[in-house]
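Please look through the sequence and the model shown here before reading on.

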Amino acid sequence: MVPSSDAVNWFPEDHRFMAHALRLAEKGLYTTDPNPRVGCVLVQGNEVVGEGWHQRAGGPHAEIVALRDAGERARDATAYVTLEPCSHHGRTPPCADALIEAGVRRVAVAMQDPNPRVAGRGLERLRRAGIDVSCGLLWQEAERLNPGFIKRMRSGLPFVRSKLAMSLDGRTALASGESKWITGEVARQDVHRLRARSSAIVTGIGTVRADDPLLSARPDEATDLEQPARVILDSRLRSPANARVFRQAGRTLVLTTASDPPARQALLNAGAEVLEVQPDAAGRPELTAVLRLLGRMEFNEVLFEAGATLNGALLLAGVVDEWTVYLAPCVLGDEARGLFRLPGLAGMADRQELAIVDARRVGRDMRLILRPCG
């Protein structure tokens with residue numbers, strides 16, 4: 001969505017300082033949930049006099065950190081902020097008011113608040129106070145930093161990724177189910193970074209029973225990481241209460257269509273949250289209903305790590321925003337398991353098409369990022 005003020009004549013130093021604010025915002029990649037990742041830089045002349053980023057929900061926003069860093073030098077400064085300063089009282093007071101009280105002269109904003117209930121109000125409050133306000137600088141980069149928060153604010157749904165790993169012949173595991181490891185260590189660390197930035201990791205009951213996964217995020221560079229929630233789609237409450245996923249820090253949710261009191265109690269005793277959701281025609285959790293629930297729970301980015309059946313259902317439902325596929329330079333043979341279960345494709349007209357938006361080497365493997373066509 002191109003901002004209405006994209007005709008502003010930005011100067012090279014504007015781009016430089018906003019790029020710096022975006023790099024600061026990225027420091028909160030793993031920690032701000034459910035809030036957005038935001039950075040702020042305060043500048044006098046061509047000198048940075050204060051900077052900050054939002055570190056976690058409940059803590060000070062980026063503008064407040066930068067103002068504290070600048071002190072009295074904030075007066076008459078230019079503030080570069082990656083997201084419109086808030087105008088409402090939440091866990092913290094409005095940042096627009098703090099900028100006004102500090103006496104900043106100018107505020108450059110990358111993008112408006114995506115929440116339609118408050119979008120533009122912070123900018124208008126600053127303008128009414130006599131501050132020179134402009135919006136739209138590096139707005140595409142700012143949107144890429146917060147895809148989940150933006151989508152949830154606009155639609156109520158989280159941003160959905162699905163991660164897959166396959167051989168050159170499009171297989172995910174041997175016929176026996178053995179799959180460790182198709183990809184190399186560098187690609188596996190890349191997956192941990194994907195997990196770490198996610199609000200929740202979602203899988204199906206088949207993966208839990210076959211692989212007993214941890215579903216935890218362990219990126220090398222993260223030292224202050226709150227684990228994403230784990231979500232299991234389990235229509236008949238068959239999750240083993242002694243599964244490793246229930247022994248991890250943080251939340252584990254089991255979403256089901258069954259009302260089996262003994263099985264439910266066993267999972268509750270294991271520390272899980274058990275929630276009933278709307279069934280689809282086959283009695284499984286309906287995927288759009290699942291995503292609406294996760295959106296209401298303020299999950300911004302959701303990562304599916306699942307088998308061929310669930311990935312096939314995701315593809316047919318059209319609910320995935322981005323597919324991340326790791327391609328390993330190996331061959332598993334025609335008896336090995338495929339990526340998607342898609343019964344009923346009778347002709348080429350029924351094929352499912354995706355657009356490759358990025359392809360790059362990750363260690364010895366290739367990483368493809370695909371999005372739905374159109």
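A crossing of two helices is called left-handed if the near helix is turned anticlockwise from the far one by less than a right angle, and right-handed if clockwise. This is a predicted model, in which local features need pLDDT of at least 70 and side-chain atom pairs count only at pLDDT 80 or more, while totals for chains, interfaces and linings use all residues. Residues are numbered from 1 along each chain as its sequence is written, and side-chain values use heavy atoms, with hydrogens and water left out.

**Helix packing**

Helices (H or I, at least four residues) and strands (E, at least two) are DSSP runs numbered from the N terminus. Axes are lines fitted to C-alpha atoms, for helices over the stretch in contact, and angles run from 0 to 180 degrees between N-to-C directions.

| Helix pair | Angle | Axis distance |
|---|---|---|
| H2 (62–70) and H3 (95–102) | about 20° | 9 Å |
| H3 and H4 (121–128) | roughly 20° | within 9 Å |

Because angles under 35 degrees count as roughly parallel, H2 is roughly parallel to H3, and H3 and H4 are therefore roughly parallel to each other as well. The crossing of H2 and H3 is left-handed, whereas that of H3 and H4 is right-handed.

With contact meaning heavy atoms within 4.5 Å, H3 uses Ala96, Asp97, Leu99 and Ile100 to meet Gly122, Arg125 and Leu126 of H4. Residues are classed as nonpolar (Ala, Val, Leu, Ile, Met, Phe, Trp, Tyr, Cys and Pro), charged (Asp, Glu, Lys and Arg) or polar (the others, Gly among them), and the contact of H3 with H4 has four nonpolar, one polar and two charged residues. On the H2 side, Glu63, Ile64 and Leu67 meet Cys95, Ala98, Leu99 and Ala102 of H3, a contact with six nonpolar residues, no polar ones and one charged.

**The second largest pocket**

A pocket is an open set of points, on a 1 Å grid over the protein atoms alone, where a 1.4 Å probe fits, with protein on both sides within 12 Å along at least five of seven lines; its lining residues have an atom within 4 Å of a point. Of the 28 residues lining the second largest pocket, Arg144, Arg161, Arg197, Glu322 and Ile369 are the closest to its centre. By class, this lining has 13 nonpolar, one polar and 14 charged residues.

**A loop residue**

Ala306 lies in the loop between strand S12 (301–304) and helix H11 (308–317). Leaving out residues up to four places away in sequence, Ala306 touches Thr203, Thr207 and Asn311.

Terms used:
Angles under 35 degrees count as roughly parallel, over 145 as roughly antiparallel, 65 to 115 as roughly perpendicular and the rest as oblique.
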